[in-house]
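Work through the exercises below with the structure open. Each task is followed by a solution in steps.

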Amino acid sequence: MVELRDVTKRFGDNTVLDDLCMSVRPGRHVTLIGPSGSGKTTILRMLMTLERPDSGTIRVNGSTLYPAGEKERREARRKIGMVFQQFNLFPNMSVLRNITEAPVRALGLDRDEAEARALDLLDLVGLKDRRDARPNQLSGGQQQRVAIARALAMRPKVLLLDEVTSALDPELVAGVLDLLRSIATSTDITMLCVTHEMTFARDISDEVLMFDSGKVIESGAPEKIFSDPVHERTREFLGAVL
Ligand code: ADP
Ligand code: MG
């Protein structure tokens with residue numbers, strides 16, 4: 001479903017990803033862990049076409065993102081949704097409009113259909129009664145649940161989650177993680193998740209990839225990585241976050 005082959009990404013003379021190879025099969029839930037600055041966000045941003053690799057190939061759902069023409073890239077990009085640490089909702093739009101905007105503009109849905117889809121999703125995330133609120137009238141946890149609904153409204157095949165609970169007050173974290181657990185178990189969406197919530201990672205992941213210095217240094221089932229890591233660097237990292 002997602003395949004990176006020999007992907008290199010530099011910012012100036014900082015090589016952030018160094019001939020990276022990784023692949024995620026359809027429907028799998030993969031968690032990326034590793035120290036700050038190891039390139040996890042950069043991978044997700046390249047999949048969202050917010051950053052461009054310097055070399056290598058990225059494929060999603062059978063289409064090529066890089067290197068590809070604009071049309072094919074847009075096609076591939078449409079299969080991917082992302083939820084950010086800082087929610088990134090449109091502040092001047094209602095909750096409902098936040099969710100309907102992209103399906104109307106990018107998929108060409110008519111507004112009634114987009115609203116019906118949005119209301120189903122608001123029901124799923126437990127916020128149907130806040131459809132007319134503005135983002136700043138909601139708690140962080142509620143905003144993040146709207147952001148999740150907004151991503152799902154595009155019916156993505158792949159959902160990217162970048163530290164989506166890191167900006168939340170501690171008491172709001174569980175609600176968002178429960179929602180993501182239920183999406184993981186009730187849909188066939190492929191999930192790529194960056195998180196420091198190791199219990200959550202252990203619950204939902206089929207596979208954990210440990211990043212360091214632009215490469216995957218260790219990968220495997222969560223039970224294995226969390227309880228018996230091979231690499232000294234993984235041990236150190238887990239020792240610091242667990
Ligand atoms: P992580 O998400 O694992 O913490 P990032 O992917 O955000 O890591 O960043 C990896 C490295 O790339 C860091 O050294 C960071 O400073 C650098 N970096 C990320 N984005 C940019 C950018 N737009 N310009 C310059 N350097 C960047
Ligand atoms: Mg990051």
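A polar contact is a pair of N or O atoms within 3.5 Å; within protein, one must be able to donate a hydrogen and the other to accept it, and residues adjacent in sequence count only if both atoms are side-chain atoms. The model is predicted, and local features need pLDDT of at least 70, while side-chain atom pairs count only at pLDDT 80 or more. Residues are numbered from 1 along each chain as its sequence is written.

**Exercise 1.** Find which polar side-chain atoms lie 2.6 Å and 2.8 Å from an oxygen atom of ligand 1.

Solution. Step 1: list the surroundings of ligand 1, which include Phe11, Asn14, Lys40, Thr42 and Glu51 (near means a heavy atom within 4 Å). Step 2: read the distances to a ligand oxygen; Thr42 has a polar side-chain atom at 2.6 Å, and Lys40 has one at 2.8 Å.

**Exercise 2.** Describe how α3 and α5 are oriented to each other.

Solution. Step 1: locate helix α3 at residues 95-107 and helix α5 at residues 140-152 (helices are DSSP runs of H or I, at least four residues, numbered from the N terminus). Step 2: take the axes, which come within 8 Å and cross at roughly 25° (axes are lines fitted to C-alpha atoms over the stretch in contact, with angles from 0 to 180 degrees between N-to-C directions). Step 3: α3 and α5 are therefore roughly parallel (the term covers angles under 35 degrees).

Terms used:
Chains are lettered from A and ligands numbered from 1 in the order in which they are written. Side-chain values use heavy atoms; hydrogens and water are left out. Helices (H or I, at least four residues) and strands (E, at least two) are DSSP runs, numbered from the N terminus. Angles under 35 degrees count as roughly parallel, over 145 as roughly antiparallel, 65 to 115 as roughly perpendicular and the rest as oblique.
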